[in-house]
Amino acid sequence: MKVSKSIETTKNKILDLIKIDHISKAYSGHQALSDISLTIPDKSIFGLLGPNGAGKTTLIRIITKIIQQDQGKVFLNEEEISYDLVRKIGYLPEERGLYKKMKVGEQLIYLSQLKGLSRTEAVKRIKMWLEKLDLKSWWNKNVEDLSKGMAQKVQFIATVVHEPKLLILDEPFSGFDPVNADLIKNEILELRDKGATIIFSTHRMESVEELCDNIALINQSKKILDGSVKQIKEEHKQGQYIIDYMGTLPIKESFDVLNQTDLEGDLKRAHIKFHEASKPNDLIAQLIGSVQLFAFSEKIPTINEIFISKVSPSHE
Amino acid sequence: MNKVSLIIFREYLTRVKKKSFIIATFLGPILMGAVMFLPTYFALNTQGNQSFQVIDESGLMGAVFVSDNEVSYEYISTNLDIAKSDLLENDVDGLIYIPEFELNEPQGFALYGASNQSISTLSSIENTLELHIESLRLSASGLDKEVIDSFEANIDLNTINLSNSGGEQESSSGAATIIGYIASFMIYMFVFIYGAMCMRGVIEEKSSRIVEIVLSSVKPFELMMGKVIGIAMVGLTQFVLWILLTGGISMLISVFLSPEALEMGAANSEMSSEADMMATALSALGGINMTLVLSSFLFYFIGGYFLYGALFAAIGSASDSDADAQQFMFPVTAPLIISIISLSLVLQDPHGSVSFWMSIIPFTSPIIMMMRIPFGVAPWELILSMFMLILGFLFTLWIAGRIYRVGILMHGTKVNWKILAKWFMTSD
């Protein structure tokens, strides 16, 4: 059975590592997740986006089997997720915590051993990681003496030290300064390149575009959209263009000028919404007789803009 | 290494390495020795150096109060009012006033003093007066006190237990009581101290949020069991070290207290009766099966600790801070407290039905059974009690595990009993 299954899955071009199938969860009187279905492709970075309280952490806790869903199933590699599978995952919870009175090295060894590493292997890898993240001299320090950022790094190491195939990071950048956030971002990219699948949740969009291959947007317990970042941006283009020009823009019914600013000299910049769902060349053709065009670009919405446009109406 | 044993080792090592553990381990036996030694020491020594003035207006009580090296009495013949006003200025503890009185109706005796006198002082003065008045009455009615005294008898009952095998064994209820009390109190203390340690450990894990990381590696029940067992081992380590240290210290004391010192103590009349009692008690120890006492102590310690430790862990999982835990503490610890209070009842009748049932019910059996064992318990009762205790702690572990797995991840919810019940009912 298993053999035929794995042959079947390799036939698909992109493997889905995780399949979330109609998950619902309610806490006393409050719906945390309603009927969420998602697929997360293998060897990619998946962003789970949504405002605070949307249900991201609940979904992650269901995937990691820390809490039980009311309905639905989670599959990992087409196998319903079990405790044994979960223990192979690397999981960085949203609420960070370590044993305060334990030393950094000792604590990391303990957590890696819980993940099934032998002591010697754990020591070797932890030393490597501590060096990589500038924490080498902290091996024998108590965790309570660490700054918040350093403690976060220690936790990150605890999450990745057993080289999991699947990493789940809940708000991995919160609490980091920009320099360290960048450091962690690069580590995440490196892990992906080494073949890990990474799911991370965030309500901050800056990191999303650089990191994510795919995203899902959750708001008020419901999935609003999901797909690859590229495809989502493509779908949410609204026919807006930015042009730098000299002269006077013609007034036509086919487009609106959303705003206009003066650049240096006679050069102006305009933000134009083109109503006809046709090609950019048609817009250029309509402009070219009246103004001198210096620059022309299509305005691709950022994930942040899509996020806000999708989330705010329901916030009102 | 197996995950539960990893957790056990961490829980054990972090606690055993703590300074507080090391200090408690070394101070425990010393404190315990002090608790046993100091009251005796004070009782024998602080009474001394009291001084009283005596005004005897009756003229019957001359030379009744005799000074010794602890209390000095001074007969004075001044007027009572003057003596009273002088009392506060003189360095005297009290003034005994004996008015003129009728032998048949002795009244008007008084003790004046700057502060309240101890009960033992009062009773010793009363005793002296009563004895003397009695002997005065006896001689008034023509009887000789010495003749009366010669009729007095003093009997010490030797208690001897008959065993089925036909042997006779000298026993001592005194020794059994002492051993039972020590064992019961130790269990009570251990369950409280280490149960609370369990609870605080869980709260610490919960409030520092490490628990979610650990739970992505192990099941909640494994984490709970690891903690409960790890702390049990801390308790056993401390217990064994205490026994070794106490043994060592008492060896040292017996070396320092040379035989001469012991003889001198025995020469003191007050001491000799106590020494006698100790000697009979010690010889009676042979009548108590110490192997049984010690091995059942270990069993009831571990069993009782598991039973309550699991519940303490469940309380911890429902609390965000020590203060939160208070509301659940009383109902859980009530059976322990009831057991300790009932000890005197059990002592009155170690084989009665109250004693029997309380030593079978798992919530009270660890403490009550330890009180009963030195008095001798039928094997079937012991086996039934142990079996019930095992059932009991399996039951509380099961309940606690169900509460724990939900509670440990809940933050900021006001938890009450209803919510605990709901967590318990939550399906997997």
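Entry 1. I looked up B:Lys17 and found a salt bridge to A:Glu106, with the closest N and O atoms 3.5 Å apart. The rule I used asks for a side-chain nitrogen of Lys or Arg within 4 Å of a carboxyl oxygen of Asp or Glu. Across the interface of chain B and chain A, that rule finds 2 salt bridges.

A note on the source: this is a predicted model, where local features need pLDDT of at least 70, side-chain atom pairs count only at pLDDT 80 or more, and totals for chains, interfaces and linings use all residues. Residues are numbered from 1 along each chain as its sequence is written, chains are lettered from A and ligands numbered from 1 in the order written, and side-chain values use heavy atoms, without hydrogens and water.

Entry 2. I asked how many residues of chain B are in contact with chain A (heavy atoms within 4.5 Å). I got 22 residues of chain B against 24 of chain A. B:Arg10, B:Glu212 and B:Ile213 supply 25% of the area that chain B buries against chain A, more than any other three residues. Buried area here is the accessible area (1.4 Å probe) that two parts lose on being put together, summed over both. Between chain B and chain A I noted about 2,500 Å², with 61% from carbon and sulfur atoms.

Entry 3. Is B:Cys198 buried or exposed? I recorded B:Cys198 as buried because its relative accessibility is 0%, and buried means under 20%, exposed over 50%, partly exposed in between (1.4 Å probe, protein chains only). A:Cys212 is buried too, at 7%.
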